[in-house]
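Please look over the sequence and the structure shown below before reading on.

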Amino acid sequence: MDLLLNLMVNGLATGMLIFLLAAGLTLIFGLMDVLNFAHGGLFAWGAYCGVWVYGMTGSFMTAIVGAVLTGVILGYVTERFIIQPVYGNHVQQILITLGLMLVLSEMLKVVFGPNQIVAAPPDYLAGSWQLGDVVIIKYRAFIILVGVIVFALVHYVLKNTKIGLTVRAGVMNKEMVQALGINIKKVFMLVFMIGSAMAALGGVLLAPYSGVIYAEMGMDFAILAFIVVVIGGMGNFVGSLFAAMLIGLSGAFMTYFVPDLSLAVNMLLMAVVLVVRPQGLFGAKG
Amino acid sequence: MLKHFNKSPVWVLISSAALILLPFVNDSRSLMIMITQIFILAIFAMSYDLLLGYTGIVSFGHAMFFGIGAYSTGVLLSRFEPTMLWLLVSIAVGMVVAAIVSYFVGLLTLRLSNHFYAMLTLALAGLFLVVAEKWRSLTLGNDGFTFRVPDVMRDRLSFYLICLILMVAVFFFLMRLTNSPMGKVLLAVRENEARTQSLGFKTIHYKLISSVVAGVIASLSGSLYVLSLRFVNTSVFALDVTLDALLMTILGGVGTLIGPIIGAAIIEVSHHWLSELGKSYVIFERWIIFFGILYILAVMFFPKGIVGTVKEIRWKKKRPSKVETNNKNKRIAG
Amino acid sequence: MTTLLEVNEIQTYIGQYHILQGVSFQVRKGEVTVLLGRNGAGKTTSLRSIMGLNPISDGQITYNGKDISKLATYHIANRGIGFVPEDQGIFGELTVEENMKIAMQKQDEETLARMDKILTLFPDLKTYWKKQGGYLSGGQKQMLSIARAYLNKNELLLIDEPSKGLAPIVVEKVMESIMEMKDETTIVLVEQNFRMALGVGDTYYIIDDGRSVGTGNMKELAENEELKRKYLGIA
């Protein structure tokens with residue numbers, strides 16, 4: 001019982017991190033028709049910059065702000081200088097974002113050095129709560145909490161604000177949004193920046209969770225995020241949450257019981273979804 | 001389009017004749033080894049060009065097939081006798097496995113959009129890398145293992161010539177394939193898949209053939225690659241391998257076959273040069289950054305590559321005209 | 001009467017297809033100008049080119065005396081041109097309310113007054129206010145699309161085949177609404193339904209093979225059997 005619960009909390013925490021990465025990916029894809037292969041790079045940059053700020057200031061909350069800012073800035077630069085010039089050409093976009101991924105992870109090694117960097121949660125988030133028989137590690141609960149808050153916030157914005165409406169409308173019909181007098185390019189940029197910020201947030205949250213960060217972590221997590229995006233349905237924000245939980249949980253349980261197969265199981269899940277429901281498990285009608 | 005004035009076969013023949021003679025003129029061992037590597041990588045890059053340049057498919061997992069060939073050869077030669085027979089068997093096994101894998105990957109994703117194929121191949125190659133790392137009893141993981149190769153292959157000169165011959169053979173095979181009626185359909189798929197489909201072609205069928213052929217040839221290059229090193233480790237599955245193929249193809253010129261060969265030469269030579277520089281200047285230790293930046297710039301400003309751009313310039317000189325080929329996804333309205 | 005929109009010899013490519021090869025027409029303020037012609041003649045592309053959705057490669061589009069041919073679509077829309085596309089462009093997963101909300105550029109008295117007028121004109125929209133656009137009937141979608149374009153104080157509406165695929169009784173309804181809006185707005189209408197075109201149109205232009213080939217008063221066209229047979233396939 002204790003074990004199952006722990007694995008579950010573990011899985012949900014990992015799932016939330018993957019969600020933060022996948023949500024941006026799926027929103028950007030749905031709206032802009034761009035699959036950003038550099039998204040994992042933003043995740044890694046968030047982690048490194050966050051840990052750096054944490055080390056400089058000693059405040060984990062400042063570190064989170066720093067990571068989010070890093071994401072916003074890198075998101076802006078990426079959208080403006082990498083994505084925009086090749087807008088509308090899928091092949092070029094796919095190729096160029098992968099190149100950016102490479103540059104981003106190599107730049108990490110140049111700026112922060114090629115070695116792994118150690119990170120630990122702040123004191124107030126270290127340790128665990130004991131509830132009867134059950135032990136809940138504080139930091140994991142914190143990750144889940146942050147994930148839920150971000151989800152609720154973005155979900156609220158998408159549902160209830162004009163900008164959210166515009167984003168959802170843009171996913172369905174970009175031309176019409178423009179014909180109604182809205183500059184969709186601005187919306188693109190905003191969504192890209194928010195998506196990048198979420199990725200960077202995921203990165204900095206991961207750091208104390210896994211204990212170490214390394215330049216290739218972006219790609220490792222990006223692969224999980226891709227699987228989530230496929231399972232949840234490309235462009236489906238809510239779907240990405242469920243799929244991320246699914247992948248997180250399956251990862252946690254598999255890692256415990258049959259560690260060697262955990263990635264394979266996720267891949268298999270994705271393959272099954274691709275065959276049975278290529279629009280994703282939570283894909284919209286039509 | 002531009003294929004009417006294609007003189008590349010002639011050039012390939014002339015240059016390969018020169019390359020046959022080269023070892024007899026210049027007996028630098030390191031030069032010969034480097035050129036052999038170029039031949040092998042050129043085979044790999046050409047197989048990538050079949051996908052990217054001739055079919056318009058973006059694969060981020062081409063390393064997967066390279067690695068399949070590499071491990072088939074490495075494992076079989078280390079487990080059994082290092083004879084020509086086992087070598088051929090190992091290459092054949094690699095090709096068959098690559099064919100099967102590429103067939104199923106294609107079947108899963110080729111009917112979906114380009115994004116899916118790129119993503120799935122990236123993820124699958126990641127999976128292969130993990131499997132290779134975990135299956136230590138077979139692969140010894142990242143440490144890898146050395147193995148003995150047949151005597152013929154031990155001789156650098158004969159290996160050089162074999163690789164050269166194979167590269168030329170692959171070039172002409174792909175040339176033939178892309179100029180065949182099937183190749184025309186592939187080009188049509190690249191230009192406008194929906195229309196090709198409405199003309200009655202089962203495009204998925206053609207895309208599958210293209211991805212299987214590309215996978216098989218990539219596996220061959222992987223086999224040759226580990227033969228040259230007599231060593232194999234998990235790095236053959238790394239993303240860098242795919243990126244190398246991408247860079248070679250794009251820099252040289254997509255959809256030209258000759259481009260990837262030129263690209264392979266440029267990348268391999270600059271690899272050497274940059275790692276040399278890295279010994280004196282620290283920044284060049286991270287030479288991948290330069291390739292990454294070069295690659296981004298090439299995609300952005302130079303999407304036709306060296307060969308494509310040269311062809312375009314010659315073409316424009318011959319007859320100036322304004323042909324618009326972009327915007328292929330827009331619908332035709334009444 | 002003054003000219004509101006002038007389309008001058010525009011050329012438009014879609015991919016490598018040369019769709020518009022010299023379309024010209026003038027839209028006078030307060031009129032309903034009808035573009036007629038066979039399927040594939042270039043009527044829809046003409047409207048899309050005005051909106052900047054299929055940018056022109058040559059020629060000129062002047063609106064209110066200013067060249068708008070190089071502007072981005074949203075700029076064009078913000079200059080006061082409303083667009084009702086051929087497929088209505090309804091956001092299927094948004095409710096009727098949200099579809100209207102997204103179109104609403106200002107929330108002033110005037111817009112709210114227009115909203116009231118819309119809801120009296122199309123009571124169906126009020127009934128299905130919270131329903132997703134994708135579940136509306138064809139006629140309701142058409143009304144929503146027109147309503148969306150009419151909501152802002154647009155001087156010009158471009159309406160593409162509003163009668164397409166609708167039952168005759170619904171066509172009547174749509175026609176009525178266009179007549180209603182005619183008082184305050186100039187309209188360019190693409191229409192295959194000749195009866196409807198005749199009912200609401202003032203001036204006609206015939207487009208054939210990507211070119212303007214004829215123009216005149218709508219009432220005169222009704223009697224010109226030759227033109228009708230040659231370009232419109234009706235007798």
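How many helices and strands make up the secondary structure of chain B? There are 15 helices and two strands in chain B, where helices (H or I, at least four residues) and strands (E, at least two) are DSSP runs numbered from the N terminus.

This is a predicted model, in which local features need pLDDT of at least 70 and side-chain atom pairs count only at pLDDT 80 or more, while totals for chains, interfaces and linings use all residues. Residues are numbered from 1 along each chain as its sequence is written, and chains are lettered from A and ligands numbered from 1 in the order in which they are written.

| Property of chain B | Value |
|---|---|
| Box filled by the C-alpha atoms, along the principal axes | roughly 65 × 45 × 40 Å |
| Share of the 334 residues that count as buried | 46% |

A residue is buried if 20 or more other C-beta atoms, placed from the backbone, lie within 10 Å of its own, exposed if 12 or fewer do, and partly exposed in between.

B:Gly308 lies in helix α15, which covers residues 305–318, and B:Gly308 is buried because 20 other C-beta atoms lie within 10 Å. Leaving aside neighbours within four places in sequence, B:Gly308 is in contact (C-beta atoms, placed from the backbone, within 7 Å) with B:Gly253, B:Val254, B:Thr256 and B:Gly259. The C-alpha atoms of B:Gly308 and B:Ile250 are separated by 9.6 Å, although these residues are 58 apart along the chain.

Conventions: Contact = placed C-beta atoms within 7 Å.
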